[in-house]
Amino acid sequence: MLSRLSRKLINASSLPTSSGNGSHDLGEIIDGYARFSPELQSVMESEGYHIYDPDPSGSTIASLRSAGYPFLLEWHRGNKLELIASSMCQVAINPRQLFLEESRGKKYAVQRKMLAIFNAIVGKQFPGAAAIIGNVADYSRVTFLHKDATGESLFGEQYDYCFTITIDPNLAIGGFHEDGLRIVPIRPTEVDSFLGLAPLLVPA
């Protein structure tokens with residue numbers, strides 16, 4: 001089930017790591033939020049990652065909707081999940097490899113284990129970065145910013161309108177059609193070929 005990722009982890013052991021005492025603290029705190037170092041940012045961008053700064057006030061589903069960004073479903077309007085704030089750090093995502101390999105069609109617990117393996121790979125390939133599962137506000141903000149910046153729709157047609165799990169095991173987000181992004185309730189034991197894991201990278 002995790003064979004390909006396991007092979008990648010073994011191969012990653014030969015990737016260069018930071019010099020000196022082995023510290024991976026290559027991030028910086030600027031204007032009150034964590035950023036990738038310029039050197040790390042350059043390396044990540046060369047590997048296809050797009051990096052987005054945070055909203056200093058913290059984006060929420062409610063604030064994004066008020067700014068004109070579309071959410072198709074109404075079931076969560078007025079729900080406390082609409083007040084969850086996005087992370088106060090830079091966030092990177094790789095549109096070339098949006099979903100973690102083989103993560104679609106797996107249970108939430110298995111996807112979390114796959115993230116741990118991927119995070120070990122990230123720590124070697126990009127010292128100073130860590131792989132996480134974002135919350136609904138993180139994915140919403142990155143999706144809309146990426147659309148504004150590139151015209152491309154993460155979780156859109158190119159990605160079969162698939163969904164990613166979120167840090168809340170009961171929520172998934174994706175299925176980005178022109179009429180809006182979708183947030184849907186799920187069960188942690190749910191298995192669906194349209195449900196995978198789209199990891200985000202943040203400063204470690």
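Buried means under 20% relative accessible area, exposed means over 50%, and partly exposed lies in between (1.4 Å probe, protein chains only). By that cut-off, Leu40, Gln41 and Met44 are buried in helix α2 (residues 38-46). The model is predicted: local features need pLDDT of at least 70, side-chain atom pairs count only at pLDDT 80 or more, and totals for chains, interfaces and linings use all residues. Residues are numbered from 1 along each chain as its sequence is written, and side-chain values use heavy atoms, with hydrogens and water left out.

**Overall make-up**

- The protein chain holds five helices and 10 strands; these are DSSP runs numbered from the N terminus, with helices being H or I of at least four residues and strands being E of at least two.
- Of its 204 residues, 49% count as buried.
- Taking contacts (heavy atoms within 4.5 Å) between residues at least 6 apart in sequence, 72% join residues at least 24 apart.

- A nonpolar core is a set of buried Ala, Val, Leu, Ile, Met, Phe, Trp, Tyr and Cys residues joined through side-chain atoms within 4.5 Å.
- The largest such core has 51 residues, and Met44 and Leu201 have the most contacts inside it.
- Helix α4 (residues 108-125) gives the largest share of this core, six residues.
- Apart from neighbours within four places in sequence, Leu201 touches a set of residues including Met44, Phe36, Tyr49, Phe118, Val122 and Phe126.
- In α2, the buried residues are Leu40, Gln41 and Met44.
- Viewed down the axis of α2, the buried residues fall within an arc of 100°, so they line one face of the helix; the arc is that of the directions from the helix axis to the C-beta atoms.
- Among the elements covering these buried residues are β2 (33-35), β3 (50-52), β4 (91-93), β5 (129-132) and β10 (200-203).
- Just after α2, Gly48 has a positive phi of about 100°.

**Four-stranded sheet**

- An open sheet of four strands runs in the order β8-β7-β6-β9, with mixed pairing; two strands pair if DSSP finds at least two bridges between them.
- Its edge strands, β8 (180-185) and β9 (195-196), each pair on one side only.
- Strand β7 (residues 171-177) pairs with β8 in the antiparallel sense over five bridges, and His177 stands opposite Gly180 in β8.
- Helix α5 (residues 136-150) lies across β6 (163-165), β7 and β8, at about 15° to β7; axes are lines fitted to C-alpha atoms, for helices over the stretch in contact, and angles run from 0 to 180 degrees between N-to-C directions.

**Salt bridges**

- A salt bridge is a side-chain nitrogen of Lys or Arg within 4 Å of a carboxyl oxygen of Asp or Glu, and a search of the whole structure finds six.
- Glu82 pairs with Arg65, with the closest N and O atoms 2.8 Å apart. Glu82 is in the loop between α3 (61-66) and β4, while Arg65 is in helix α3, 17 residues apart. Both residues are buried.
- Glu74 and Arg77 form another salt bridge, with the closest N and O atoms 2.5 Å apart. Glu74 is partly exposed at 44% relative accessible area, and Arg77 is partly exposed at 45%.
- Arg104 and Asp160 meet in a salt bridge at 3.8 Å, N to O. The pair links distant parts of the chain, 56 residues apart: Arg104 is in the loop between β4 and α4, Asp160 in the loop between α5 and β6. Arg104 is partly exposed at 33%, and Asp160 is partly exposed at 44%.
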